[in-house]
Amino acid sequence: MNAAPAPADASDRLNLLGLDRKAMAAFCVEQGEKPFRASQLLQWIHQRGIGDFGEMTNLSKVLRARLEDSCEIRPPEIVHEQISADGTCKWVLQTDAQNRIETVFIPEEGRGTLCVSSQVGCALECSFCSTARQGFNRNLSTAEIIGQLWVAQRELGIGAVTNVVLMGMGEPLLNFNNVVAAIDLMLDDHAYGLSKRRVTLSTSGIVPALDKLAEVSEVSLAVSLHAPTDELRDELVPINRKYPIRELLAACKRYVGRDHRRKVTIEYVMLDGVNDTPAHARQLVRVLSQVPSKVNLIPFNPFPGSGYRCSSREAIQRFSDILQAGGLITTTRKTRGDDIDAACGQLVGQVRDRTRRTIRLAAAS
Ligand code: SAH
């Protein structure tokens, strides 16, 4: 499995994996077919995981031959698979000759969560994230994003993935159109048919894109807050200088709208001595008092040269207690797959950095 496959960008065939319902319907009409063929194609490709047009028996022979001629169903190729002691599975996927991304499957009692990447590397520079150290190469295409789910389903069986979190490499809201098209496929009854509660997009807080997302989708939202004050957040999540906490939380409120059942998940990484004191917890309670939210504390996952340590178990418990006493629903994320570097903030893939960040970081150290 370690042999490098042909680059995924080597073909000029149309990759049908990347077409959402609207695009697929337009494609069918272009082919002189009725729009309902789009549902059939989506079902074959996504619901049943078929990658060979010859098997699509309810399409005419002529159409099948035409598809075989000019189209393809091409997911990113698995170049490496690692399985953690806790059952978490990480795949390294080749997206083109120079780049690799990572996708993680997390099995739990009664559900299976797939953590999907949206970009090769990341253009943001969150100080505690190893993906950030890799720099940035490019956005993933819709086919490359949904292809991670397609591949997981092929490897694990239909129905194994019950939840998807867009929490892998990259900032999903900076790859808006491709991410939204992939989400459409995740939710489409003729494709993966997941409910909007089972698909979660995690963002560091690109405010205008968040408002745009509210117009086109109702997926669950997670926001990487990580600090209760702008001063600290500027340092940990530098995009905060552009979209400060007050604006971000106002956008979160707009996102959930008037539906009282909806809540935004606030992600908060626990960094020893940095953002984990009782005073920080009390500030967080105040900051979130007007936001329909629940808090997910994430024990920091270390990586070489990060400069941070994870908060002690006691500090996390004390922090959690203060939030709960302040009326916030609070959970602590269980660390999964850290023995294979598959935990939050440990995904690195292989990124041909185009931002010169890796050079800058090397010069600074
Ligand atoms: N760009 C998106 C998705 C990224 S990752 C976002 O910022 O939300 C998902 C979560 O893991 C984010 O909350 C991110 O801040 C967090 N994370 C990053 N590095 C981490 C680390 N080393 N340990 C624990 N969590 C980390």
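Asp-188 and Arg-21 join their side chains in a salt bridge, with 2.8 Å from N to O; the term stands for a side-chain nitrogen of Lys or Arg within 4 Å of a carboxyl oxygen of Asp or Glu. This is a predicted model, where local features need pLDDT of at least 70 and side-chain atom pairs count only at pLDDT 80 or more, while totals for chains, interfaces and linings use all residues. Residues are numbered from 1 along each chain as its sequence is written, and side-chain values use heavy atoms, leaving out hydrogens and water.

Let's step back to the domains. The protein is divided into domain 1 (14-72) and domain 2 (77-364), with bounds from an automatic or database domain assignment. The contact takes 16 residues from domain 1 and 15 residues from domain 2, where contact means heavy atoms within 4.5 Å.

| Domain 1 and domain 2 | Value |
|---|---|
| Separation of centres, over C-alpha atoms | 33 Å |
| Buried area | about 1,200 Å² |
| Share of buried area from carbon and sulfur atoms | 58% |

Buried area here is the accessible area (1.4 Å probe) that two parts lose on being put together, summed over both.

Now for the core. The largest nonpolar core has 109 residues, and Leu-16 and Phe-128 have the most contacts inside it. Both domain 1 and domain 2 give residues to this core, so it lies between them. Such a core is a set of buried Ala, Val, Leu, Ile, Met, Phe, Trp, Tyr and Cys residues joined through side-chain atoms within 4.5 Å; buried means under 20% relative accessible area (1.4 Å probe, protein chains only). Beyond its neighbours within four places in sequence, Phe-128 touches residues including His-226, Leu-236 and Tyr-308.

Notes: Buried means under 20% relative accessible area, exposed over 50%, partly exposed in between (1.4 Å probe, protein chains only).
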